[in-house]
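I opened this model to see what could be read from it. My notes follow in the order I took them.

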Amino acid sequence: MKSTVIFALFVVAIAAVGQVASDVVICNYEKFDLYDAMYKKRQDDFCVFQNVFMSTDVRYGDFMASSLDYQKIAFTNSRFPIVPPSLYRNFDDIRELYVRRCNIETLRVTRLVEKMYAGSNQITSVSIDGNGSNNLKELYLESNMIKDIANLTNLPNLQVLVLENNPKLGNTDFAMFSRMTKLWKLDLENTGMTKIINTLRLDLTELKRLDLSNNQLTYIDMHQFHSFPKLENLWLSGNKMYFMEMEPIRAILPEIRSIVIDDNYWGCQHLAIISKYMLDNGIIIRQGECKSRNIHKVCCSDTTDLVDNRYLIEMKIRSESKLEESVKTLERDNLALLDTVEEMRVQLNSLILNYTAKMEEMRQTAIAARPVADPVEDPDSLESAEAEDYAYYESEERHKVVEAEAIEVTTEKSSAEDVSSEQNRVE
C-alpha cells in the first residue's frame, strides 16, 4: 500500500513538472544585484526568471515577458542542462545573461550577447555564435568542468575572461588568447597549471590583470610575461614556487604595480632577495598575514633554502643550455641568411642578363629600323659632304698639312742634291 502511494505521488510529480515546463514562463522586471569585473557590487534592471526547473526529458516552456525588448535576463534558483532555446528565440536582443548556479552542462552564447555570467555550473563545452563577429566583451565561466577552450579563441572584442576553478583545463598556452587584442583581465586561478607556456608572437597590449594563483607552478621567470607590456597586477599566491627570476623586471614589465607571492614554498634567503628587489623597483608585495617565519609578512622556511640552491644550479644549467641553443639558432639563421643572399645574387645576375639582352635587342631593332640614305639621291647628304670638304679646304688644319708636305718635299730635294754633289766630288 505504501509503495503504491509513493509511486502515485511520483507520477503526479512528473506530470506536474511536465505541465510547468510546457507552460509560458513570465519574468519579473526588477532590480538585480551582481558583481562587475573588479568584484564591485552593482545593481541593475533585469528581467528575472525564478524557480525554473527543467531536464532533458521535459519539454521546455515558452519564456516570455511583458516586453520582449528586455536586453538583460537573469535566472535565479533554477536548474536546466542548457539555456532554454525559446529564450533566445523570443528575446532576440539579449545583451547580458545571468545563469549562475543553474546546473548547465552545455552553454551557447549568441552573437549579440555582450556579458555572460555562467559560473558555478557543470559546463564542459561552450559554443559561440557568429565566429569572429561575436560582440562578447565579458565571459565568466568560473567553477565549471571545462577541459578545452579552443572554441573561445576567436573573440576579438573580449575584454574580461574568467576561467578560475576549472582544474581540468591544465596548462594553457597564452597564444590561445592571441586574437583577444582587447583583453585586459585574464583569470586562470586553479586551472591545473604546472608551467608557464607563452608562444605568443604578438603582444597582448591591453592585459593589465593576470591571475595564476592556486596552481602547481614551481618556478617563474618574468621573461615569460614579456608579451604583456601593460601588466599591472600579477597573482602568484597558492602555488609551489621555490624560485623566481625577476631581473630586469622594469624592462620586461614597465607598468607592473603589485605581485601577490604569499602561500608558496619560499626559502627565506631567496624570498629576502626577491622582496628587496621588488621594493627597490616600487612593486607592492601583496600578501596575507603570516604569523610564523616570514619576510614582509610572507611565510618562508630556512630549510627551503636548500631547494633554492638546487634551483639556482638548475637555472644555471638551463641558462647554459639556453645559450647553447641560442648559438645554434644563430648559426642556423646565419646559414639561412647566406642561402638567401646567394639566391638573391643569382636572381640579380639573371635580371642583369635579361636586362642586357633586352637592351641589345632594342638597340638592334632600332638600328634595323633606321633608314639608309643614298648619297647620290640625297641632296642634303651631298650638300653636307661638300660643306665639310669646303670647311676643311678653308681650315687652318689644311694649311698646316700643305706646309708640312712642302717642307717634306724640300727636304727630300735638298737631300737628293747633296747626294749628287757628293758623287760628283768623288768622281
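I began with asparagine 165, which counts as partly exposed because its relative accessibility is 25%. Partly exposed falls between buried, under 20% relative accessible area, and exposed, over 50%, with a 1.4 Å probe and protein chains only. Asparagine 165 sits in the loop between strand 11 (160–162) and strand 12 (185–187). Its phi is positive, about 60 degrees, although asparagine 165 is not a glycine. Most residues other than glycine have a negative phi, and most peptide bonds are trans.

I then looked up serine 120. It also has a positive phi of about 60 degrees without being a glycine. I found serine 120 in the loop between strand 8 (115–117) and strand 9. At 25% relative accessibility, serine 120 is partly exposed.

Next came the peptide bond from glutamate 247 to proline 248. It is cis, with omega near -10 degrees. Proline 248 belongs to the loop between strand 16 (243–245) and helix 3.

I placed it between strand 20 (298–299) and helix 5 (305–369). Threonine 303 counts as exposed because its relative accessibility is 58%.

Residues are numbered from 1 along each chain as its sequence is written, and side-chain values use heavy atoms, with hydrogens and water left out.

I checked the confidence, pLDDT, which the predictor gives each residue from 0 to 100. The protein averages 81, and 75% of the residues score at least 70. Over residues 1–21 pLDDT stays under 50. For that stretch the model has eight contacts beyond four places in sequence; a contact means heavy atoms within 4.5 Å. Where pLDDT is low, the predicted coordinates should not be read in detail.

**Overall make-up**

I noted seven helices and 20 strands. These are DSSP runs numbered from the N terminus, with helices (H or I) of at least four residues and strands (E) of at least two. Of the 427 residues, 36% count as buried. Among contacts with a separation of 6 or more, 51% come from residues 24 or more positions apart.

**The sheet**

Which order do the strands of the open sheet follow? I read 2-3-5-6-8-10-11-12-13-15-17-18, twelve strands with mixed pairing. Two strands pair if DSSP finds at least two bridges between them. Strand 2 (28–35) and strand 18 (284–286) stand at the edges with a single partner strand each, so one side of each has no neighbour in the sheet.

Within this order I looked at strand 15 (residues 233–235) and strand 17 (residues 258–260). They run parallel and are joined by three bridges. Asparagine 233 stands opposite serine 258 in strand 17.

**Strands 7 and 9**

Strand 7 and strand 9 also run parallel, joined by four bridges. Arginine 108 has serine 127 in strand 9 as its bridge partner. The covered face of strand 7 holds Leu107 and Val109, and its uncovered face holds Thr106 and Arg108. In strand 9, Val126 and Ile128 are on the covered face, while Ser125 and Ser127 are on the uncovered one.

**The cores**

What touches the most other members in the largest nonpolar core? I listed Phe75, Met116, Phe174, Met222, Phe225 and Ile259, out of 81 residues. A nonpolar core is a set of buried Ala, Val, Leu, Ile, Met, Phe, Trp, Tyr and Cys residues joined through side-chain atoms within 4.5 Å. Elements giving two or more residues to this core include strand 3 (41–50), strand 7 (106–109), strand 9 (125–128) and helix 4 (268–280). Helix 4 gives the most, with five residues.

I followed methionine 116 further. Its contacts, not counting residues up to four places away in sequence, include Tyr88, Leu97, Leu107, Val109 and Tyr140.

Key: This is a predicted model: local features need pLDDT of at least 70, side-chain atom pairs count only at pLDDT 80 or more; totals for chains, interfaces and linings use all residues.
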